[in-house]
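Morning, everyone. Today I want to talk about charged pairs. Have a look at this one.

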Amino acid sequence: MGEAAVAGLSGAVVQYPGRPALGPLDLTVASGEILALVGASGAGKSTALRLLAGLERPASGRVERPAGTRTAFVFQSPTLMPWADARTNVALPLELSGVPAPEARRRADVALAAVGLGERTTARPRQLSGGMAMRVSLARALAVEPDLLLLDEPFAALDSITRRGLIEDLHRIATTRSIAMVFVTHDVEEAAYLASRVVVLSAADGRAVGDVAMPGPLPRPEGWRADPAYRTAVETVAEALAASMRVAA
């Protein structure tokens, strides 16, 4: 793993009873990059994310993270405490980890402002739209001040307009805070638009069968989806994904 990397997998293998779940997989996440993992259902995308988070251990191979690397995880569901307002949902995990309450609340307010909810700190989950609830979940992760942010299909249940707004939030956060992000999705277009790099996992065994650098700046300029360079990158990722599924079949 290079000096600029914040996390990596080296020959990582995960096996579940009766079937392989992942790998061997080699993967390096560079500081400040947005890396998308795409693949068919069962390709091991979420498993790779759990390995990077330290939520699961490989049967063989290694998970590599420099000492002191702070990691945060955003799940597909916001998983907010229904009785607590947005500030408390963000601050309480910090307090439970030993951060003094005033500092935890300050960091919660900063994180909520960063995702556009600076005026909704006292709102409870039932008062928030699905997109707002996901923004609270993102703020909770940002309040940890992570070096590595892991996102497991966080936009799957959201409409396209809300999804686009959250992608813009992630681009802005990644560029202003230099946070590395690893993002799991089934959507090739979403992966290519959000990420600076896309890795395709095989549907057969969860190995990396494609690694495509995405052209263009982040955040994306107006009209970027129509740019020929973007369309070519989307086609390259889609072809790698289709090839992996044919092999699995």
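Start with Arg135 and Asp169. They form a salt bridge, with the closest N and O atoms 2.8 Å apart. By salt bridge I mean a side-chain nitrogen of Lys or Arg within 4 Å of a carboxyl oxygen of Asp or Glu. The pair links distant parts of the chain: Arg135 sits in helix H4 (residues 130-142), Asp169 in helix H5 (residues 160-177), 34 residues apart. Helices here are DSSP runs of H or I, at least four residues, numbered from the N terminus. Buried or exposed? Arg135 is buried, and Asp169 is too. Buried means under 20% relative accessible area, exposed over 50%, partly exposed in between, using a 1.4 Å probe and protein chains only.

A word on the source. This is a predicted model; local features need pLDDT of at least 70, side-chain atom pairs count only at pLDDT 80 or more, and totals for chains, interfaces and linings use all residues. Residues are numbered from 1 along each chain as its sequence is written, and side-chain values use heavy atoms, leaving out hydrogens and water.

How many salt bridges does the structure hold? There are 14.

Next, Arg87 and Asp109. Their side chains meet in a salt bridge, 2.8 Å from N to O. This pair also links distant parts of the chain: Arg87 in helix H2 (residues 86-96), Asp109 in helix H3 (residues 101-114), 22 residues apart. Arg87 has 22% relative accessibility, so it counts as partly exposed. Asp109 is partly exposed as well, at 28%.

Last stop: Glu33, Arg197 and Asp211. Salt bridges with shared partners join these residues into one network.

How values were computed: Helices (H or I, at least four residues) and strands (E, at least two) are DSSP runs, numbered from the N terminus.
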